[in-house]
Amino acid sequence: MHIRRNPIIQYHVVMSKKLIINISASGDSFGGFAENCDGIYAAGETVAEVKRDVLEAIRIYKEITPEAEWAEPIAEGWPLEWHYDAESLLRYYQGIFTNAALERLTGINQKQLWNYANGVSKPRKQAREKIENALHSLGHELLEFSL
């Protein structure tokens, strides 16, 4: 029996290979680790520092690990994809978006957003999706105009 492969599905599978980096907030800093590649860890006072540290961790990984032993994401040069928990994302963008602005974008009241950003409570799936969709929508809007 011959199985016919769909080139669109194959393309999606190839394009969806990404090195997932999870970023989380702690008391006064941020940390990051690769979800699908052992040995990649990072920390910093800001998300930007964590991102730089991740790149440095990958460089060190390549330097000290024999190339024949590199994990698939490193060997194939998968692009990085940054994942945040709600607290980390909201803390990271506190200096850019006010809670009033986020409330207008997401429909979630400011007090609840403050609770999420400060780890007092964790958003349920529906609230996380509202935040993610609102920020993605804003990002797409911003990409569509020119001055």
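Is tyrosine 92 buried, partly exposed or exposed? Tyrosine 92 is partly exposed, with a relative accessible area of 29%; buried means under 20%, exposed over 50% and partly exposed in between, with a 1.4 Å probe and protein chains only. The model is predicted, so local features need pLDDT of at least 70 and side-chain atom pairs 80 or more, while totals for chains, interfaces and linings use all residues. Residues are numbered from 1 along each chain as its sequence is written, and side-chain values use heavy atoms, without hydrogens and water.

**View 1. Aromatic rings around tyrosine 93.** The whole structure holds 3 aromatic pairs. Rings of Phe, Tyr and Trp (its six-membered ring) pair if their centres lie within 6.5 Å; planes under 30 degrees apart count as stacked, over 60 as edge-to-face and the rest as tilted. The rings of tyrosine 92 and tyrosine 93 are edge-to-face, because their planes stand at 65°, with the centres 4.7 Å apart. Tyrosine 93 also pairs with phenylalanine 97, and this pair is tilted, at 5.9 Å centre to centre and 50° between the planes. Tyrosine 93 is partly exposed, at 28% relative accessibility. Tyr84, Tyr92, Tyr93 and Phe97 make up one aromatic cluster.

View 2. Helices (H or I, at least four residues) and strands (E, at least two) are DSSP runs, numbered from the N terminus. H2 has 18 residues, 47-64, and at 1.5 Å a residue should span 26 Å, which agrees with the 25 Å between its end C-alpha atoms; the expected span is 1.5 Å times one less than the number of residues. Val47, Val50, Val54, Ala57, Ile58 and Tyr61 of H2 are buried. These buried residues line one face of the helix, because they fall within an arc of 100° seen down the axis, taken from the directions from the axis to the C-beta atoms. Residues three or four places apart point the same way, because an α-helix has 3.6 residues a turn. Arg52, Leu55 and Glu63, on the other side of H2, are exposed.

**View 3. Strand S1 and its partners.** In S1, 6 of the 7 residues are buried. Strands pair if DSSP finds at least two bridges between them. S1 runs parallel to S4, joined by 5 bridges, and isoleucine 21 has tryptophan 82 in S4 as its bridge partner. S1 runs antiparallel to S2, also with 5 bridges, and asparagine 22 has phenylalanine 33 in S2 as its bridge partner. A hairpin is formed by S1 and S2, with 4 residues between them.
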